[in-house]
Amino acid sequence: MKLREISSSDPLTQQVIRQMSLYGTLLGFAEFYRMSGNADYLRRTATATGGRFRALDNDYPDNTVTPQYITPALKILGDKVMVDAAHERRGIDVASIRASELLNFAANLGKQFQNFFVNGSSASDGNAFDGLKVLVTGSQKITADANGLSVDLGNTDAAKKKQQTFLELLDDLISRVDGGAELILMDAKTLSRLGSIAADMVTIDSDDFGKPLSRFNGIPVLPAGFDRSGNKILPHNETVGSSTTCTSIYAMRFGERNNLTLPSNVGVEVKDLGRQGVHYIHSVEFDTALALANSKAAARLEGIIIS
């Protein structure tokens, strides 16, 4: 279920969610499920064999499935939006100021969620949930080249070879996602380069808000955007081998209690706390976590250089 569905349907909450989704574009694709308590006990996708042959009059070999579980713990992301009551004494429309500041906060909350979705680390911040950078490991992480792959412009044989290698790696990334990726996330600079070298594979239509949405071979591609401080969520300063100017691309498939999924109890909670002391206060909180119920529901391609 989408965030707007798991959250309260009151107009104020839905307005905040819409603003969050405009700036945290992953929220338009993410799937949530309702849970109670502080943490869930979520079963991973089963690993039983997918069928085999047997001889006549013989039974199948044992196909014992050992259940595996993950325990996503809810983290609280939010803050208070405070407007000084002194504005009211000075003849200013406090209600309009509060509404404007609440929407400004919601926009930054959407950016912050998107940043944690990728870069969150409970090891660095015990109050945060782990993002894709932590969760995607092993064979789901592809390294483009030992010292990074520079995806150059131009029609020389060398440039064309690098471009073709990049496109093959992108196809490999998509195929690593169980069932096929339904969303690709990359930096806007990387998306621009993709459009330049593979214009026949990239189409553009509109998302739910009427904003342009790129697709690579039909799969939506989102620019990762910026965090609330203006830093790129997928920067071009990652280190791979001897290169320190690399970036990553992620592919994923969402699900409700399966694949890549997000638990929550009531979704986004928005409360008007009225006047307290010298301030009018809105409280906005979002209890959630990122859970990889299927270890193959997300993949990462690292070591891409766009110069």
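Predicted model: local features only at pLDDT ≥ 70, side-chain atom pairs only at ≥ 80, totals over all residues.
Reader: Is strand β10 largely enclosed or open, and why?

Author: Burial here is judged by relative accessible area, with under 20% counting as buried. Strand β10, residues 219–223, has four of its five residues buried, so the rest of the structure largely encloses it.

Reader: Which strands pair with β10, and in what sense?

Author: In general, the side chains of a regular strand alternate between the two faces of the sheet. In this model, β7 (residues 183–186) pairs with β10 in the parallel sense over three bridges, and Ile184 has Val221 of β10 as its bridge partner. Strand β9 (residues 212–216) pairs with β10 in the antiparallel sense, again over three bridges, with Arg215 partnered by Pro220 of β10. The hairpin of β9 and β10 has two residues between the strands, and Asn217 takes a positive phi near 50 degrees there.

Reader: How many residues line the largest pocket, and which elements give two or more of them?

Author: The largest pocket holds about 650 Å³ of space and is lined by 32 residues, with Ser21, Thr25, Gly28, Asp207 and Phe209 nearest its centre. The elements giving two or more residues to this lining are α1 (3–6), α2 (11–23), α4 (94–119), β9 and β10, and α2 gives the most, with six. By class, the lining has 16 nonpolar, eight polar and eight charged residues.

Reader: What lines the second largest pocket?

Author: Its space is about 280 Å³, and its lining has 18 residues, of which Pro72, Asp130, Leu135, Leu290 and Ala291 lie nearest the centre. This lining divides into 10 nonpolar, five polar and three charged residues.

Technical notes. Residues numbered from 1 in each chain as written. Heavy atoms only, no water. Buried < 20%, exposed > 50% of the residue type's maximum accessible area, 1.4 Å probe, protein only. Pairing = 2+ DSSP bridges. 1 Å grid on protein atoms, 1.4 Å probe; cavity = no way out; pocket = protein on both sides within 12 Å on 5 of 7 lines; lining within 4 Å. Points joined across faces, edges and corners; volume = space filled by probe spheres on them. Nonpolar A, V, L, I, M, F, W, Y, C, P; charged D, E, K, R; others polar.
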